[in-house]
Amino acid sequence: MSKNLSRRGFLKSAAATTAVLYVGVNPDGAAAAGSNDAMLNPFVKIDSDGNVIAIIKHFEKGQGPATGLSTLIAEELGVTMDQIGFEFAPSNPKLYNNLFFGPFQGTGGSTAMANSWTQYRTAGANAREMLIKAAASSWGVDDATLDIQEGIITDGVKTAPLGDFVVAATQIAPSEAPRLRDASEWKIIGKEATRRLDSLIKVNGEAKFGMDVHLPNQMVVMIKRTPQRGGLVVSFDDSGAKEVKGFIMAKSLPTQHGVVVYAENTWAAMQARAALKVEWDMSEAEARSSSEIREELMDALGANPVYNVNKVDQKTVASKIDTAATVVERTFYFPLLAHAPMEPLNCTIEQTSGGDIVLHDGAQMPTGPHMAYQQIFQLPQEKIHIKTMLTGGSFGRRATPDADYQVEAGLAFVMTDRSRPVKLVWDREDDIRGGYYRPATGHKVRVGLDADGNIAAWEHQVAGQSIMKGTAFESFSVHDGVDHSTVEGLADNPYVIPNMAIGLTDTEKATSVLWWRSVGHTHTAYVMEVMMDMAAKAVGRDPVAFRLAYLEGGDKDARRKADVLKLAAEKGNWGSPADGNVQGIAVHKSFGSFVAEVVEISGTPADGIQIEKVTAAVDCGIAVNPDVVRAQIEGAIGYGIGHAMRDQITLDGGAVEQSNFPDYEPLRISDIKAIETHIVASAEPPTGIGEPGTPPSAPALANAIAQLDIWVAELPMSDRGISFV
Amino acid sequence: MTIPINLNGQIHTVKAEPGTPLLWVIRDELKLTGTKFGCGVASCGACTVHINGEPVRSCQTLIEDVDGAEITTIEKMSENEVGAAVQQAWRELDVVQCGYCQSGQIMSAVGLLRENDKPTAEEVDEYMYGNACRCATYQRIRAGVLRAAEILEA
């Protein structure tokens, strides 16, 4: 829609006879409504039968936005959760952008609810007001006397199903600032009874994920990729592949990063790829091993940092530590980690009879592949369409700055005559070995404590592989050379710590690195929280009381952080574990939310540790769907703890050593016996929930293990003499 | 070659080469996509189906080895008492997150409850160990199996 087209003009042009009401905002950000979705940005559509559909601009990888954003619409409109369905929005960076990302549609940084909170409620409220005005006009009553409840418009006397006024409502202009329902009126937001809208289809096999796309006459392609990053195809021999029934052809990617195998079905593609022989040019490829990468990081920690992150005089801080009564010092190392979502990467691409390109994809950042496809296919944006599928997890992997797997599929398709759709499938080995890892990172910390046992100074050095530098996202995250995603959780930590100096040095990337559930907080929270415990122990203080001393008297963030710490300690029986058990605690703010966790364990490192219980307290502002919040905390704890226990990606001569779940072992059901989550009641706007449960989980476990006299400063724990039952 | 298979109560004649895993026949030939591909090495359980009522990893079951067997997939689970109870429990507790592993989880849970109608939490953990969930919905999977046992007892 033209930016110059006025809302009035646009509404006039909308066909009044179509019995569907769409409400949203137009590309100028103004409220808009009408009956033609092609001209609008609808967040809710209602037909004259009263069917209400929320249009979800975020993808659903299990973290709950389909339910959450539908909740906002249902609440404001006045329907129950049984009366609303959802559809995923098409790819359109102007209409469906993430309000925190600029003109870019995408899900990440635990922003789905936070950026949609006002937008979706406003859309629902506008739909309600338009329907009410239509009804009031028809009934000849004051619209202030009308409301919609459970899908019924009523003034207390007359009633009508909301579908009855859909046609009339399309003629009513939406308001710039519709009345949002007061919290006291809420029937769904914050209520326990709400169940997920995607639950039924995920228990009966009906849910369609990207992997489940079957287009008529499609080919399945798999790619034999370079075993070391930077390797190039010299030649290949497909004589073995030709013996496989169902093999169609093999072609080298134009990037020379791999050979595409085209086949009639998935099993044939797997067999044919296994039979393919490729000669690689490895002269420019990554050849380092993990031990060398670790050494580079440690060397960087031994030198002066390149960046002074918080501009505190580092020499002054160092001298305060040198003269402190007690000094606690530790060096930490975090390995590369794969995301390993349950559904291996895939997408399917087809060309319509009109020459448009359609991508079927669990698209985390649709704008990325959309822009890439404009280049690959030399087509304008409007000739490219992305159908967002349900997604079997991501943890960050499905959003890469270079749209890696979608570009692979695009290149595989563009090398054909386009008469047959192409479905790209990765297997688990591709996933584990296919790059894009949580960066390997080292920290070196010295904490000086005075004679009274208080922190006098804190010197903190980080050496890591920048995620953002050299990508399209650099300007979002990198300022004065500092990639914030490497030091988040340190520089912006709500603790009020005197004389804290933070230094950073970037090292060369061992392989492609990427945000991984909670990004920099995966390591910064670990180091902060383990150091807090080490410092408390060094001066004989209780870890909870010690932390509170650096939160009380702080700002609102510090108070919220202190509150979750106290709540977790109370609910987790801090200080009173069951007989034979020990406890550890950690607290962290990330993505606007505050989470504290108490981990209680039994056993010994030698005979095996059992995680008996994790007690979490979370403040994420208004918990729109409390049970989804709890589920996310449970999952985030499992994700953080599982990897800390026993997972790492290692390189041998540049090649990834792990390949599948047997050597990249997922958390299993018996690893954590119980998780209990407590939600802080809040009137603050909602903040993140997909990630914030992860950062405190591993350090809380480490602090529990430290009660058995082993401080784990390098992960995974299984490599440091810790066994688990 | 063409092979007859007995799946969800119907005989289907499918085209597949010997050595083809049952998983790919179910997904690519019969286009029943509730059964998932997760690892291909029997390490995650996403591909679990029932063969003669027993949970089996379909990624490691060759098509030529299921001749004469009754194969059941998630799409048919609501039609038996135990399957329906597990699905009901899963919905009451909102077990699912991404949902990709949940067909396999449910197929295993049904297998457990058919074998042991009153399992303890420890027995659930032992039986369900091989079903991975990267979203880590395990607390609810455990609670879901225990809840399904209650539903069946009632």
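Two residues are taken to be in contact if their C-beta atoms, placed from the backbone, lie within 7 Å. In these terms, 45 residues of chain B are in contact with 49 residues of chain A. The model is a predicted one, in which local features need pLDDT of at least 70 and side-chain atom pairs count only at pLDDT 80 or more, while totals for chains, interfaces and linings use all residues. Residues are numbered from 1 along each chain as its sequence is written, and chains are lettered from A and ligands numbered from 1 in the order in which they are written.

H5(B) provides the largest share, four residues. By class, this side has 21 nonpolar, 15 polar and nine charged residues, where Ala, Val, Leu, Ile, Met, Phe, Trp, Tyr, Cys and Pro count as nonpolar, Asp, Glu, Lys and Arg as charged, and the others, Gly among them, as polar.

Turning to chain A, its domain assignment, automatic or from a database, gives domain 1 (7–203), domain 2 (211–283 + 345–425) and domain 3 (290–337 + 437–720). The C-alpha centres of domains 1 and 2 of chain A lie 37 Å apart, and 13 residues of domain 1 are in contact with 15 residues of domain 2. The domain 1 side of that contact has five nonpolar, six polar and two charged residues.

Conventions. Helix = DSSP H or I, 4+ residues; strand = E, 2+ residues; numbered from the N terminus.
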